[in-house]
Amino acid sequence: LTFGALMAGTGVRVRFAPSPTGMIHLGGARTALFNFLYSRAEGGRCILRIEDTDKERTVPGAVHRMKEALKWLGVNFDEGPSLGGDYGPYVQSERLNHYQQIAQQLLQREAAYHCFCTKERLQTLRVRARDPAVGTNTPGPTGG
């Protein structure tokens, strides 16, 4: 969808992208409901995209329970897992091949670099970034 298409009146596209790490909480339900109502008011589409990249915290059955709770609220998605649509797949982990292709293109153009930091190093950097005296100086190709 292009800016021109939006301006031509084809409607907005909004999404709700929960992580399946448990039951949907009130804030998530509110966001889904507001997005759905806004899409309807603007003649647009409401999309469900599942952000399942945190496999360690994924709870089996969470997606089904979220969908049921949102259905109870009256939130009916236009696109998403099991609904399909022009911009799928709608489950993040199923988009991995697409992201890998884009990453390879960026690496070839030298617009990105491989990160060889350990989990521990990344955690240390996150903690340091929260310190106002240090700021958010991220490591570069040399590990910074």
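The following questions and answers concern a predicted model of one chain.

Visitor: In what pattern do the helices and strands follow along the sequence?
Guide: The chain has 5 helices and 2 strands. Read along the sequence, these elements give the pattern α-β-α-β-α-α-α.

Visitor: What percentage of the residues in the chain is buried?
Guide: A residue counts as buried when its relative accessible area is under 20%. Of the 144 residues in the chain, the buried share is 24%.

Visitor: Is Asn 35 buried or exposed?
Guide: Asn 35 sits in helix 2, which covers residues 26–41. The cut-off for burial is under 20% relative accessible area. Because the relative accessibility of Asn 35 is 18%, this residue counts as buried.

Visitor: Which residues is Asn 35 in contact with, leaving aside its neighbours within four places in sequence?
Guide: Contact requires heavy atoms within 4.5 Å. With those sequence neighbours left aside, the contacts of Asn 35 are Val 14, Arg 15, Phe 16 and Cys 46.

Visitor: How far apart are the end C-alpha atoms of helix 4?
Guide: Helix 4 runs over residues 96–108 and has 13 residues. The expected span is 1.5 Å times one less than the number of residues, so at 1.5 Å a residue helix 4 should span 18 Å. The distance in the model agrees with that expectation: the end C-alpha atoms are apart by 18 Å.

Visitor: Which residue just after helix 4 takes a positive phi?
Guide: The phi value concerned is about 55 degrees. The residue that takes this positive phi, just after helix 4, is Glu 110.

Technical notes
Residues are numbered from 1 along each chain as its sequence is written. This is a predicted model: local features need pLDDT of at least 70, side-chain atom pairs count only at pLDDT 80 or more; totals for chains, interfaces and linings use all residues. Side-chain values use heavy atoms; hydrogens and water are left out. Helices (H or I, at least four residues) and strands (E, at least two) are DSSP runs, numbered from the N terminus. Buried means under 20% relative accessible area, exposed over 50%, partly exposed in between (1.4 Å probe, protein chains only).
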